Amino acid sequence: MKTQQYFRPTKAMIDLQAIQQNIKNLKKFIRPNVQIIAVVKANAYGHGDVAVAQAALEAGATILAVATPDEALHIRAHFEEPDILILGASPVSFAPIAAQQRIMLTVYASEWVQQAAPLLAKEAEPLQLHIKVDSGMGRIGIRSEQDLLALYQTIESIDNVELNGIFTHFATADEKDTTYFDEQVQFFESCLAVMPKKPLLVHASNTAASLVKDSNLQYDAVRYGISMYGLSPSSYVESILPFALQPAFSLESELVHVKEIKKGESVGYGATYVAPSNMWIGTIPIGYADGVIRKLGGQEVLIDGQRMPIVGRICMDQCMVALPKAYAIGEKVTLIGQQGQNRISIDEWATKLETINYEIPCIITARVPRIYF
Ligand SMILES: Cc1ncc(COP(=O)(O)O)c(C=O)c1O
């Protein structure tokens with residue numbers, strides 16, 4: 001296969017060994033026979049779905065989970081064997097394609113199954129379904145035992161659909177206070193109790209729940225997302241993690257222009273940054289169209305192992321950095337990652353942008369190639 005050549009030095013480096021190590025470490029903390037569902041939705045949280053899925057399967061994951069039909073088809077085009085589960089809603093029109101492609105769908109309404117049934121009549125294999133229980137997330141899912149039973153019976157009564165799993169999702173698993181979490185568990189348990197027969201896969205835990213909550217809640221599988229990528233779901237979970245996570249994502253570029261400007265000269269749109277003295281300015285070929293959004297103005301980058309601030313407004317494709325001296329064109333710039341003793345973490349960006357670490361690799365756009373090592 002021909003490797004693609006990239007001419008711009010801006011790239012996201014993805015450490016697949018870190019992803020595998022994170023999964024291997026997790027495996028030690030889940031009960032035997034609990035399957036790992038690798039959550040590779042949203043292009044594997046911005047890391048690249050195909051490469052991450054491959055690494056995750058090699059490290060012991062057995063099922064791949066995505067959010068949308070299109071993500072599932074993309075994964076299936078690269079992987080014939082593993083089970084794929086769509087965690088989000090799918091349109092009824094996707095049902096026959098899902099059956100043909102062996103993609104498991106999430107359902108939470110009897111009407112959906114009834115509407116899908118005639119479309120599935122000609123399919124050789126039954127469509128595999130997972131029932132979603134809304135135990136408190138308030139997103140999708142059945143919200144009462146009666147609705148669950150009705151859905152269960154609808155599935156049982158239709159030939160070309162099969163119930164493979166039932167699951168829920170916790171809203172506060174990464175918090176210390178377990179009051180709300182416990183209520184969610186209780187509702188999910190009461191749903192399981194009314195089911196005439198439990199399906200093959202009962203699953204509830206994301207990484208926070210699987211690592212720091214009662215191991216009985218691992219049921220038959222855990223859905224492992226953020227910590228596979230080496231990030232902690234919250235500072236609380238980080239403080240009690242049973243093992244250190246290895247971040248897999250770094251963001252790099254190079255200086256493409258270096259110049260000295262005089263005291264009083266300005267940099268960038270709006271001429272908002274005015275040099276307080278004669279100084280060196282470097283230009284980095286990365287901007288808001290790459291996901292380095294304008295709110296990151298003032299954020300530091302690493303050059304020569306030292307922190308240096310972005311100055312002036314971030315442009316669409318470029319931004320400028322204050323240098324302590326002249327550096328050569330081609331000098332490496334690390335926007336996220338390690339240089340020498342210094343590290344700029346995804347969490348540092350998340351704090352600066354007043355958001356969560358999950359969002360950061362997702363906002364690095366498709367223009368930035370993902371390079372694997
Ligand atoms: C339904 C569902 N399960 C599992 C996960 C993975 O969660 P985490 O990344 O916190 O491990 C997500 C992530 O958003 C999700 O939506």
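Biologist: Why does D83 count as partly exposed, rather than buried or exposed?

Modeller: In this predicted model, D83 has a relative accessibility of 31%, and because buried means under 20% and exposed over 50%, with partly exposed in between, D83 counts as partly exposed.

Biologist: What makes R102 and D83 a salt bridge?

Modeller: The closest N and O atoms of R102 and D83 are 3.4 Å apart, and since a salt bridge asks for a side-chain nitrogen of Lys or Arg within 4 Å of a carboxyl oxygen of Asp or Glu, the pair is called a salt bridge. R102 lies in the loop between helix 5 and strand 5, whereas D83 is in strand 4, 19 residues apart.

Biologist: Why is D290 called buried, and why is R8 called partly exposed?

Modeller: D290 has a relative accessible area of 0%, and buried means under 20%, so D290 is buried; R8, with 27%, falls between the limits of 20% and 50% and is therefore partly exposed.

Biologist: What makes E252 buried, and which residue does E252 meet in a salt bridge?

Modeller: E252 has a relative accessible area of 14%, and because the limit for buried is under 20%, E252 is buried. The side chain of E252 meets that of K332 at 3.3 Å, N to O.

Methods. Residues numbered from 1 in each chain as written. Predicted model: local features only at pLDDT ≥ 70, side-chain atom pairs only at ≥ 80, totals over all residues. Heavy atoms only, no water. Buried < 20%, exposed > 50% of the residue type's maximum accessible area, 1.4 Å probe, protein only. Helix = DSSP H or I, 4+ residues; strand = E, 2+ residues; numbered from the N terminus.
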